[in-house]
Amino acid sequence: MNTASRKIVLLAAALVLIAIVGYSEADMADVGLCIRNCAQCKKMLGAYFEGPLCADACVKFKGKMIPDCENIDSVAPFLNKLD
């Protein structure tokens with residue numbers, strides 16, 4: 001393999017690595033936003049809202065499902081009935 005080919009292969013590998021690391025950081029930012037929203041919903045809804053369950057879902061689904069405290073459909077899985 002000549003020098004030019006080696007440089008191209010090395011550059012391609014570096015770009016792939018940067019893309020993977022950048023994607024992981026974006027996922028972590030989404031998880032952080034999701035967990036912060038869970039905390040806000042817990043403050044707003046109190047004992048009716050299962051905060052730890054919400055945070056577990058954030059981690060499990062990598063922040064793809066971000067709860068909106070004012071949207072009943074997005075928080076419904078984390079609501080409980082008080083006796």
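Trainee: Which handedness has the link of Cys-41 and Cys-69?
Mentor: The model is a predicted one. In it, Cys-41 and Cys-69 form a disulfide with their sulfur atoms 2.1 Å apart. The angle about the S-S bond is -105°, and the link of Cys-41 and Cys-69 is left-handed.

Trainee: How many residues apart in sequence are the parts that Cys-41 and Cys-69 tie together?
Mentor: The disulfide in question is that of Cys-41 and Cys-69. Cys-41 belongs to helix H1, whereas Cys-69 sits in the loop between H2 and helix H3 (72-75). The pair therefore ties together parts whose separation in sequence is 28 residues.

Trainee: What is the torsion about the S-S bond of Cys-34 and Cys-58?
Mentor: A disulfide joins Cys-34 to Cys-58, with an S to S distance of 1.9 Å. Cys-34 lies in helix H1 (residues 3-45) and Cys-58 in helix H2 (residues 51-60), so the bond ties together parts that are 24 residues apart in sequence. Cys-34 and Cys-58 are both buried. The disulfide of Cys-34 and Cys-58 is left-handed because its S-S torsion is about -75°.

Trainee: Which helices hold Cys-38 and Cys-54?
Mentor: Cys-38 and Cys-54 are joined by a disulfide, S to S 1.9 Å. This pair ties together parts that are 16 residues apart in sequence, because Cys-38 lies in helix H1 and Cys-54 in helix H2.

Trainee: What relative accessible area has Cys-54?
Mentor: The torsion about the S-S bond of Cys-38 and Cys-54 is about -70°, so this disulfide is left-handed. Cys-38 is buried at a relative accessible area of 3%. Cys-54 is also buried, and its relative accessible area is 0%.

Trainee: What is the pairing of the bonded cysteines when they are numbered in sequence order?
Mentor: The count comes to 3 disulfides. With the bonded cysteines of the protein chain numbered in sequence order, the pairing reads 1-5, 2-4, 3-6.

Trainee: Which geometry does the aromatic pair of Phe-49 and Phe-78 have?
Mentor: The structure holds 1 aromatic pair. Its members, Phe-49 and Phe-78, lie 6.0 Å apart centre to centre, with 65° between the planes. An angle over 60 degrees counts as edge-to-face, so the pair of Phe-49 and Phe-78 is edge-to-face.

Trainee: How many residues apart are Phe-49 and Phe-78?
Mentor: Both Phe-49 and Phe-78 are buried. Phe-49 is in the loop between H1 and H2, and Phe-78 in the segment after H3. The pair links distant parts of the chain, at a separation of 29 residues.

Trainee: What accessible area do Tyr-48, Ile-72, Leu-79 and Leu-82 have together?
Mentor: Leu-82, in the segment after H3, is partly exposed, with a relative accessible area of 46%. Tyr-48, Ile-72, Leu-79 and Leu-82 form a nonpolar patch on the surface. Their accessible area together is about 390 Å².

Trainee: What percentage of the 83 residues in the protein chain is buried?
Mentor: The protein chain has 3 helices and 0 strands, in the pattern α-α-α along the sequence. Its accessible surface comes to about 6,200 Å², of which 66% belongs to carbon and sulfur atoms. Of the 83 residues, the buried share is 22%.

Definitions and conventions: Residues are numbered from 1 along each chain as its sequence is written. This is a predicted model: local features need pLDDT of at least 70, side-chain atom pairs count only at pLDDT 80 or more; totals for chains, interfaces and linings use all residues. Side-chain values use heavy atoms; hydrogens and water are left out. A disulfide is a pair of cysteine sulfur atoms within 2.5 Å. Helices (H or I, at least four residues) and strands (E, at least two) are DSSP runs, numbered from the N terminus. Buried means under 20% relative accessible area, exposed over 50%, partly exposed in between (1.4 Å probe, protein chains only). Patches are made of residues with over 30% relative accessible area and no salt bridge: like charges are joined within 9 Å, nonpolar side chains (Val, Leu, Ile, Met, Phe, Trp, Tyr) within 5 Å. Accessible areas come from the Shrake-Rupley method with a 1.4 Å probe; for residues, only the protein chains shown count as cover. A salt bridge is a side-chain nitrogen of Lys or Arg within 4 Å of a carboxyl oxygen of Asp or Glu. Rings of Phe, Tyr and Trp (its six-membered ring) pair if their centres lie within 6.5 Å; planes under 30 degrees apart count as stacked, over 60 as edge-to-face and the rest as tilted.
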